[in-house]
Amino acid sequence: MSERSRPISASSRSPSWFTAYVRPHELEVLRQRNGTTLEVIVRHVHAIGPVVRLELERSDDRSYVEVELPRERFQELAIREGEQVHVR
């Protein structure tokens with residue numbers, strides 16, 4: 001699972017942190033920015049078998065997100081390490 005931490009205000013005195021868990025196969029990778037996407041950099045591609053796993057670094061806070069794609073979708077996108085893509 002991927003995780004993302006963000007500050008939130010639990011009270012007016014001090015911020016708190018929360019972690020959101022998302023199943024890697026529920027995320028969609030896009031080439032173009034969409035109003036609801038996160039900008040990420042492809043840091044690692046693990047392309048063995050029918051499912052390709054991507055390790056992505058968020059451009060805003062440098063945290064990592066893992067995504068799983070069917071091999072066919074990965075080939076359609078022609079993703080390479082070091083490229084910028086978008087996730088939603």
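## Salt bridges

The structure contains ten salt bridges, a salt bridge being a side-chain nitrogen of Lys or Arg within 4 Å of a carboxyl oxygen of Asp or Glu. The structure is a predicted model, in which local features need pLDDT of at least 70 and side-chain atom pairs count only at pLDDT 80 or more, while totals for chains, interfaces and linings use all residues. Residues are numbered from 1 along each chain as its sequence is written, and side-chain values use heavy atoms, with hydrogens and water left out.

One of the salt bridges joins R43 to E57, with an N to O distance of 2.6 Å. This pair links distant parts of the chain, since R43 lies in strand 4 and E57 in strand 5, 14 residues apart; strands (E, at least two residues) and helices (H or I, at least four) are DSSP runs numbered from the N terminus. R43 is partly exposed, at 38% relative accessible area, whereas E57 is buried at 9%. Here buried means under 20% relative accessible area, exposed over 50%, and partly exposed in between, with a 1.4 Å probe and protein chains only. R43 and E57 also belong to a network of salt bridges that includes R62.

## Further charged pairs

R58 and D60 form another salt bridge, their closest N and O atoms lying 2.5 Å apart. R58 is buried, with a relative accessible area of 2%, while D60 is partly exposed at 47%. A salt bridge also connects the side chains of R23 and E26, at 3.6 Å from N to O. R23 is partly exposed, with a relative accessible area of 45%.

## The nonpolar core

The largest nonpolar core comprises 16 residues, and those with the most contacts inside it include V29, L54 and F74. Such a core is a set of buried Ala, Val, Leu, Ile, Met, Phe, Trp, Tyr and Cys residues joined through side-chain atoms within 4.5 Å. At least two residues of this core come from each of strand 4 (38–46), strand 5 (51–58), strand 6 (64–70), helix 1 (71–77) and strand 7 (84–87).

Apart from neighbours within four places in sequence, L54 is in contact (heavy atoms within 4.5 Å) with residues including V29, V67, L69, F74 and I79. H44 and E66 are also among the contacts of L54.

## A buried histidine

H86 is located in strand 7 and counts as buried, at 5% relative accessibility. Beyond its neighbours within four places in sequence, H86 is in contact with E28, V29, L30, R31, Q32, R33, T37, L38, E39 and V40.
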